[in-house]
Amino acid sequence: MTAGPRRVSGRVSRRVSRRVSRRVPRSATLIAGCVLAGLVLAVAVVSFFWLPYAPDDTTGGRLMPPGLPHLLGTDKLGRDLLTQLMIGARVALEAGAGSVLIGGLVGLAGGLAAGFATRWLDDTLSALLDILIAFPTVLLAMLVTAAREASLGSAIIAIGLAMSAIVARLTRVLVKRVLAQDFITASRTSGTSWPRVIVEHVLPNIWPTLSVNLALQFGLAVLAEASLSYLGLGAPPPNASWGRMLQEAQASVFIAPAGVIAPGVLLVVLVVGVNLIADGVRDVADPTRRRTR
C-alpha cells in the first residue's frame with residue numbers, strides 16, 4: 001500500500017529536481033548580471049550622499065599614483081579619480097535610464113501607430129523609421145547640441161530619439177504578429193474595443209520581447225553617452241563622465257594608467273552586467289526558450 005505513494009513522490013521529486021537544474025543556468029546568468037550592475041548602482045547611490053573629495057577639488061597634485069589619501073590617484077588637473085568615477089557611475093545610469101525612458105515611450109507609441117495603421121501609412125512610417133535608424137547617433141547629438149547646448153540632457157534626448165526608431169520598428173513587427181492571431185479576431189467579434197484589445201492582449205504579448213530589447217538598449221545607451229562625452233558632447237564639468245575621463249587620460253596613459261583602466265573597467269562591468277540581465281530576463285520571459293532547455 002505504501003509503495004505506490006512512495007513511487008509517485010519519487011517521480012514528483014525527480015521532476016522538481018530536473019526543473020530546478022534547468023533553471024540554474026538562467027538563474028546564474030541573471031544573478032551574475034544583477035551583481036555586476038548592482039555594484040555600479042551601489043556606487044552611484046553612495047555618490048549622492050558621500051564623496052571622498054569635492055568634484056572640483058584640484059589640491060591633490062597632478063597625476064598622483066594610487067595610495068593615501070587618494071586611493072586611485074589623481075588626474076592631470078589634480079582631481080581625485082575615485083570621486084570622478086563615483087560621479088561617472090551616476091551619470092552613466094542617468095544617461096541609460098533617461099534614454100531608455102524616452103526611446104521606450106516614443107518607440108512604443110510609434111510602433112503601435114504603425115502596427116494599427118493602414119497600408120500606405122504603415123509603409124510611410126516604416127520608411128521614416130528606416131531613415132532614423134540609418135541616421136548616426138553622433139550626428140543626431142550634434143544637431144540636438146546645436147539647438148540646445150552640450151549637456152547631459154542633450155545627450156539623453158539624442159540617444160533616446162535614436163533608440164526610439166529601433167524600439168518602434170520592433171514594436172511594429174510584434175504588434176502585427178499579435179494582431180494576426182485568432183484570439184484577437186475572437187476578442188473583436190465579442191465587442192471588445194481596440195483600446196481594450198491593446199491593454200489586455202497586445203501589450204502583455206509584446207512586453208517580454210520588448211523588455212529584453214530595452215535592457216540591451218540600456219547598455220548601448222551607456223556606451224553612446226561615453227562616446228559623446230569623449231567627443232565633448234556629454235555632461236560638462238564639474239560633472240564627470242567615464243567617456244570624458246578616458247579622453248582626458250589618454251595623453252598620460254603610460255604615466256598614470258589608472259585614469260584609463262578604471263573608467264574602462266567600470267564601463268565593461270556595467271554593460272556586461274546589463275546584457276547578462278537581459279539574457280536572464282529573456283530566458284524567464286520567453287516560454288519558447290524555457291521549453292527548449
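A crossing of two helices is called right-handed if the near helix is turned clockwise from the far one by less than a right angle, and left-handed if anticlockwise. In this predicted model, local features need pLDDT of at least 70 and side-chain atom pairs count only at pLDDT 80 or more, while totals for chains, interfaces and linings use all residues. Numbering starts from 1 along each chain as its sequence is written, and side-chain values use heavy atoms, leaving out hydrogens and water.

**View 1. Helices α7 and α8 cross right-handed.** Here α7 (residues 194-230) packs on α8 (residues 242-249) at an angle of about 40°, with axes 6 Å apart (lines fitted to C-alpha atoms over the stretch in contact, angles running from 0 to 180 degrees between N-to-C directions). Ala226, Ser229 and Tyr230 of α7 make the contact with Gly243, Arg244, Leu246 and Gln247 of α8 (contact is heavy atoms within 4.5 Å).

**View 2. Helix α3 has a buried side.** Asp122, Ser126 and Leu129 are the buried ones to look for (under 20% relative accessible area with a 1.4 Å probe, protein chains only; exposed is over 50%). They sit on the same side of α3 because they cover an arc of only 65° around the axis, judged by directions from the helix axis to the C-beta atoms. The buried residues of α3 pack against α2 (81-116) and α5 (152-179).

**View 3. The other face of α3.** Turned away from the buried side are Trp120, Ile131 and Ala134, which are exposed.

Technical notes
Helices (H or I, at least four residues) and strands (E, at least two) are DSSP runs, numbered from the N terminus.
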